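Work through the exercises below with the sequence and the model open. Try each task before reading its solution.

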Amino acid sequence: MSSDPTSSGPTSPERILPEEAFNAGSRVGGDHVPGEVPPELAENTLRTELRSYIIGLALSIALTAASFLSIGSHLIYGPSIVMAVVVFGLAQVGIHLIFFLHLTTSPDNTNNALALAFGFLIVCMIVFGSIWIMYNMKHNVMAAVRADDVAGLSAEIIVALSPALRLTELT
Amino acid sequence: VSVPTTALRAGRDPYHLGHDVPAGIVPEYTGHGGGGPAPKRIVVGYGFWLFILSDVVMFSSFFATYAVLIDARAGGPGPHDLFDLNTTAIETAFLLLSSFTCGLASMAVGQRSLFWTEIALLVTGLLGVAFLAIEFSEFARLIARDAGPTRSAFLSAFFTLVGCHGAHVSVGLLWLGTMMAQFWAKGYRQNIRHRFLCFTLFWHALDIIWIGIFSGVYIIGVIIA
């Protein structure tokens with residue numbers, strides 16, 4: 001983390017070779033990769049990193065327990081339990097992204113956060129779009145089946161009345 | 001021009017929003033290629049992050065399939081008859097703890113401690129194996145009571161989604177063993193640490209997918225169906 005920024009000639013190939021080249025990026029471009037400690041926390045990495053994982057684990061356990069306990073719970077209004085579980089799940093995904101993958105909103109993370117936002121958009125479109133469309137289709141198909149029943153009934157009536165119709169036709 | 005260059009360094013405010021950049025000083029624009037090509041660590045990590053997101057998109061289509069087909073049971077058993085939420089809770093605990101110990105392993109790698117790296121990775125792997133063992137025994141139990149993937153569209157969707165996650169965990173375990181061996185044999189070389197960074201991303205992402213499975217497939221499945 002303590003590489004000299006003045007010596008950052010990124011095109012010279014020998015910069016790849018030394019050991020500290022692994023961390024050179026945190027000061028050269030300032031970019032940040034998910035899953036590693038942000039450079040601004042590098043002063044006391046061990047303590048801050050361990051604290052991050054422990055907070056993440058504790059919050060995850062709490063949210064998981066909330067999800068499982070909400071099934072038979074009377075603390076939550078019955079029909080809204082499904083939505084509560086969805087909210088607990090989304091919150092836990094956020095906890096994992098922040099405390100396990102160390103994703104932040106800093107400018108160093110812009111590229112990672114933008115990619116994540118796009119992925120989230122696609123996931124929402126696929127999951128909620130599918131549920132929405134298929135639910136509507138089921139609704140309409142069932143309505144059509146009912147309409148077909150009505151039509152079948154009217155066809156029977158027509159068949160039953162056909163002698164009379166033919167009579168009227170003949171005369 | 002005597003401006004402290006530290007003020008222009010990336011990290012806090014690389015775009016210098018609302019500040020004039022003094023003449024003669026080239027700021028290091030994050031992500032704009034201003035400092036030349038990004039280091040390999042950034043390229044590798046970002047590329048793998050994009051792979052993980054595309055993997056999540058693939059899983060989302062399986063989630064959508066499950067949600068749409070949850071009532072398509074062809075007279076067969078439904079989530080309420082099949083799922084045992086106590087088993088799911090134990091699986092969740094194992095996978096969550098393995099994600100935590102995977103984080104501890106990356107701390108040990110940061111400290112260059114081979115002993116703690118191997119220990120943390122071993123615990124992570126054992127928790128993963130325990131998770132898989134429970135999942136396979138659950139699959140075997142379902143198939144034994146004639147609720148296999150061929151029974152109904154609902155069960156096909158269930159086995160595809162959860163089985164695909166299990167396959168990912170299996171591959172992750174192979175990768176984990178490889179990382180243990182490579183740290184042991186080759187040490188903390190740059191390319192090995194790049195691989196390990198990708199592995200931690202992969203393993204944490206599997207736990208994120210599992211959050212969707214235990215809430216969406218098991219808990220909500222039992223509630224609504």
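**Exercise 1: Chain B**

Task: find what share of the 225 residues in chain B is buried.

Solution. The model is predicted. Count a residue as buried if its relative accessible area is under 20%. Buried residues then make up 52% of chain B.

Task: state how many helices and strands chain B has, and in which order they run.

Solution. Start with the count: chain B holds six helices and zero strands. Then read from the N terminus: the order is α-α-α-α-α-α.

**Exercise 2: The largest pocket**

Task: give the volume of the largest pocket and locate its centre by residue.

Solution. The volume is about 1,600 Å³. The lining has 48 residues. Closest to the centre are Val123(A), Val127(A), Phe128(A), Ile131(A) and Phe63(B).

Task: which elements give two or more residues to the lining of the largest pocket?

Solution. Chain A gives helix H3 (81-100) and helix H4 (110-170). Chain B gives helix H1 (40-69) and helix H6 (190-224). The largest share, 15 residues, comes from H4(A).

Task: sort the residues of this lining into nonpolar, polar and charged.

Solution. Nonpolar residues number 38. Eight are polar, and two are charged.

How values were computed: Residues are numbered from 1 along each chain as its sequence is written. Chains are lettered from A and ligands numbered from 1 in the order in which they are written. This is a predicted model: local features need pLDDT of at least 70, side-chain atom pairs count only at pLDDT 80 or more; totals for chains, interfaces and linings use all residues. Side-chain values use heavy atoms; hydrogens and water are left out. Helices (H or I, at least four residues) and strands (E, at least two) are DSSP runs, numbered from the N terminus. Buried means under 20% relative accessible area, exposed over 50%, partly exposed in between (1.4 Å probe, protein chains only). On a 1 Å grid over the protein atoms alone, a cavity is a set of points where a 1.4 Å probe fits but cannot get out, and a pocket is an open set with protein on both sides within 12 Å along at least five of seven lines; lining residues have an atom within 4 Å of a point. Grid points are joined across faces, edges and corners, and a volume is the space filled by probe spheres set on the points. Ala, Val, Leu, Ile, Met, Phe, Trp, Tyr, Cys and Pro count as nonpolar, Asp, Glu, Lys and Arg as charged, and the others, Gly among them, as polar.
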